[in-house]
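Look at the model first, then we will talk.

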Amino acid sequence: HLPVEELAKFYTSVDLVPLTQNTITDPHVLKKELQRIRSGALAQSREELDEGVIALASPVFDFHGQVAASVVIPIPAMRFGRESEQNIDKALRSGASELSRLLGWDNHLEEKRAV
């Protein structure tokens with residue numbers, strides 16, 4: 001959820017070094033993944049940081065609609081399946097939404113501004 005300018009600086013200043021065989025190291029693939037997340041998908045790490053660990057994350061927004069934090073749920077890859085993904089997705093979105101609300105974020109206001 002960084003501004004485009006900050007992301008551009010990031011891409012030019014950082015080498016995408018693999019931590020596991022699943023780490024995204026192609027800037028074009030990373031850009032597509034970040035666009036997917038920005039459009040409302042949960043962030044996912046499918047053994048990209050640690051082998052055997054999958055993690056899903058959701059942003060927490062502050063009063064101004066800026067990302068203030070994130071909520072992350074890691075799970076062993078061998079226990080991760082369609083059902084657990086759906087349960088985690090629901091819990092993450094609910095928890096992050098509630099935390100955002102407590103920080104003063106009301107995405108209905110953002111929707112009204114976009115109209």
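**Reading pockets and helix packing**

A: Start with the largest pocket: its lining has 18 nonpolar, seven polar and three charged residues. Ala, Val, Leu, Ile, Met, Phe, Trp, Tyr, Cys and Pro count as nonpolar, Asp, Glu, Lys and Arg as charged, and the others, Gly among them, as polar. This is a predicted model, where local features need pLDDT of at least 70, side-chain atom pairs count only at pLDDT 80 or more, and totals for chains, interfaces and linings use all residues. Residues are numbered from 1 along each chain, and side-chain values use heavy atoms, without hydrogens and water.

Q: How much space lies in the largest pocket?

A: About 820 Å³. Of its 28 lining residues, Leu30, Leu34, Ile37, Ala43 and Gln44 are the closest to its centre. A lining residue has an atom within 4 Å of a pocket point.

Q: How are two packed helices described?

A: By the angle between their axes and the distance between the axes. Here, the axes of helix 1 (residues 4–13) and helix 2 (residues 27–38) come within 12 Å and cross at roughly 155 degrees. That makes helix 1 roughly antiparallel to helix 2 (the term covers angles over 145 degrees, on a scale from 0 to 180).

Q: Which residues make the contact?

A: Helix 1 uses Leu7, Phe10 and Tyr11, while helix 2 uses Pro27, Leu30, Lys31, Leu34 and Arg38. Contact means heavy atoms within 4.5 Å. By class, six of these residues are nonpolar, none polar and two charged.

Technical notes: Helices (H or I, at least four residues) and strands (E, at least two) are DSSP runs, numbered from the N terminus. Angles under 35 degrees count as roughly parallel, over 145 as roughly antiparallel, 65 to 115 as roughly perpendicular and the rest as oblique. On a 1 Å grid over the protein atoms alone, a cavity is a set of points where a 1.4 Å probe fits but cannot get out, and a pocket is an open set with protein on both sides within 12 Å along at least five of seven lines; lining residues have an atom within 4 Å of a point. Grid points are joined across faces, edges and corners, and a volume is the space filled by probe spheres set on the points.
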